[in-house]
Amino acid sequence: MVLFSAVVTASAEVAATRSRKAKTSAIAALLGGLDATEVRPATAFLAGELPGGRAGVGWSTLSALDVPPAPEPSLTVGEVDAAIDELRGISGSGSGQRRTDLLAGLLGRATAPEQEFLVRLLGGELRQGALEGVMLEAVATAARVPAEDVRRAFMLSGRLPATAEAALRGGGAELARFRLEVGRPLRPMLASPAETLDEAVAELGEVSVEYKLDGARIQVHRDGDDVHVYTRTLREITRSVPELVELVRGLDCRSIVLDGETLALDDSGRPRPFQETMSRFGAQSERELLLRPYFFDCLHLDGEDLLDHPLRQRLEFLEKVAPQHRIPAVLAPDPERAAAVFDEALDAGHEGVMVKALDSVYAAGRRGRTWRKVKPAHTLDLVVLAAEWGHGRRSGYLSNLHLGARDPDGGPPIMVGKTFKGLTDELLAWQTAEFPKRETHRDAWTVHLVPELVVEIELDGVQASPRYPGGVALRFARVLRYRPDKDAASADTIDAVRAVQRGGSGRPEDTGQQGNAGQQGDTGRP
Ligand SMILES: Nc1ncnc2c1ncn2[C@@H]1O[C@H](COP(=O)(O)OP(=O)(O)OP(=O)(O)O)[C@@H](O)[C@H]1O
């Protein structure tokens, strides 16, 4: 049995170093010493997650507790896991008091560092997802299996703790038992940005050039009449999207897994704003707004898994089963035709195009270079770290956002700029209502948040800046929209921000001369 303090110590070691190697070995050392039953909860704790999902304790409950810490560690990983399960199970009358009692008992047995870790874990503050890549490597090291095997099992299972448990219990053989299962969502394949269309086409050889629709990712699983629909973060939304369920049920096949984008269109066939599509994924959605699916991949058909088939073949299957629901695309176009498709996509109100190598397999969950996205403007998905109280017309509202990029080596988000540009009155009101629910602490000007909200930012470029910890700052950043379909683990990394700096915007005025400080109410205190 391993003590919970070992998890807390490993987590502190990971936080204390910027070296990816040091992080990996701290986690691998911990994992290697665990009993089989401890791997799942310990992996979840390290990733800042609760093994069974949220436990229903809010910041107000947590911060009201003031329990003297235990002098010596005694809690085991299993005991903490069981206590959190019990916490989640509490319901009915008097549940508030019972929760407080249980928490006080747990914290009373924890040392001061364990208490701090538990409070941050339960409050969701440790959940930043950035450690995913490092954790996968650590699991591979601890289980002495190739990292690729762990990654593939993770893509198929969608769950890090289950993947870690399998790797440590049964090594490569156990990992190989994860298969695509119709009805269980897998982690979606992602794209990396390309600077220009020509660059992407030149790099990938024969390609499919497809509209990049500005909707929301969907993954649809059908087995007979049983249909399930999932989001990009593998959340099930089947009940909110009956029209998609019906449509997929009508396809001429027995079982299928489809990958695609969905969006709502207006009467003239132009895309509705992204927020309207996303609002359909909520619990009480506006049913009047019909969603249309645009499929771009077929991962399974009638008993056959297609993940390892080249895209060319997967598209043939898609064409056979759902020709009328395919995303607009051209196969193996010459450069002029590719450029024409890009222009058509923009004219039709879409974001840009995706360029995909026709001979590539479906490598989910990893930002590969076989899918490239080409867009005319720079956008980054960043994590909201804090917000400052507004002035003048905006006083009383949480306004100027502090924005962070993901640390690819698993550290906390790295601040790269601030902006209040682009915030509508509606968004200001929303921020002011929502942010305090995610507050970690505040001072007179600023409310600091659990780093979990992702916001899409448009910018003119990125410049070197000694004032910011990553050495780079956004130029002329403005808020495009919030991205409720993304979590902090899928935010852009500091490397993506630096890549914008290297690439520039391609526009003549992008000389890096104009600072953004005064323009954006940036006070110079990053
Ligand atoms: N034809 C297409 N093929 C693949 N993905 C598409 C396509 N059209 C739209 N998309 C969307 O683009 C996303 C892929 O781009 P990326 O991997 O960069 O994710 P993203 O960060 O959500 O993209 P962005 O922030 O640029 O919208 C997919 O998750 C999907 O939602």
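User: Is Ala176 buried, partly exposed or exposed, and how does one read this?

Analyst: A residue is called buried if 20 or more other C-beta atoms lie within 10 Å of its own, exposed if 12 or fewer do, and partly exposed in between, with C-beta atoms placed from the backbone. Ala176 has 14 other C-beta atoms within 10 Å, and is therefore partly exposed. This is a predicted model: local features need pLDDT of at least 70, side-chain atom pairs count only at pLDDT 80 or more, and totals for chains, interfaces and linings use all residues. Residues are numbered from 1 along each chain as its sequence is written.

User: Where is Ala176 found?

Analyst: Helices (H or I, at least four residues) and strands (E, at least two) are DSSP runs, numbered from the N terminus. Ala176 is in the loop between α10 and β1. Its C-alpha atom is separated by 28 Å from that of Ala22, and the two residues are 154 residues apart along the chain.

User: How do α3 and α10 cross?

Analyst: Axes are lines fitted to C-alpha atoms, for helices over the stretch in contact, and angles run from 0 to 180 degrees between N-to-C directions. The axes of helix α3 (residues 36-46) and helix α10 (residues 160-175) come within 8 Å and cross at roughly 145°.

User: Which residues of α3 and α10 meet?

Analyst: Two residues are in contact if their C-beta atoms, placed from the backbone, lie within 7 Å. From α3, Ala36, Val39, Arg40, Thr43 and Ala44 take part; they meet Leu160, Pro161, Ala162, Ala164, Glu165, Leu168 and Arg169 of α10. As for classes, Ala, Val, Leu, Ile, Met, Phe, Trp, Tyr, Cys and Pro count as nonpolar, Asp, Glu, Lys and Arg as charged, and the others, Gly among them, as polar. The contact of α3 with α10 has eight nonpolar, one polar and three charged residues.

User: Which residue does UniProt list for "active site"?

Analyst: UniProt positions are given in the numbering used here, feature names are shortened, and annotations may be inferred rather than shown by experiment. The unreviewed UniProt entry lists Lys212. Lys212 lies in strand β2 (residues 207-212), and it counts as buried because it has 22 C-beta neighbours inside 10 Å. Leaving aside neighbours within four places in sequence, the contacts of Lys212 are Ala345, His350, Glu351, Gly352, Val353, Met354 and Lys373.

User: Which residues come nearest to the ligand?

Analyst: A residue is near a molecule or strand if its C-beta atom, placed from the backbone, lies within 6 Å of it. There are 13 residues around the ligand, and Leu190, Ala191, Glu210, Arg217 and Met354 come nearest. Strands β1 (190-193) and β2 each supply at least two residues of this shell. By class, the shell has six nonpolar, no polar and seven charged residues.

User: Where does UniProt place the feature "binding site"?

Analyst: The unreviewed entry places it at Glu210, Arg217, Arg232, Glu261, Phe296, Arg367 and Lys373. Arg232 is in the loop between β4 (226-230) and α12 (242-249), and is partly exposed, with 19 other C-beta atoms within 10 Å. Phe296, in strand β6, is buried, with 25 other C-beta atoms within 10 Å. Beyond four places in sequence, Phe296 is in contact with Glu210, Asp259, Gly260 and Ile327.

User: What is the phi of Asp302?

Analyst: Phi of Asp302 is near 45°, a positive value in a residue other than glycine. Asp302 lies in the loop between β6 (291-301) and β7 (304-305). With 10 other C-beta atoms within 10 Å, Asp302 is exposed.
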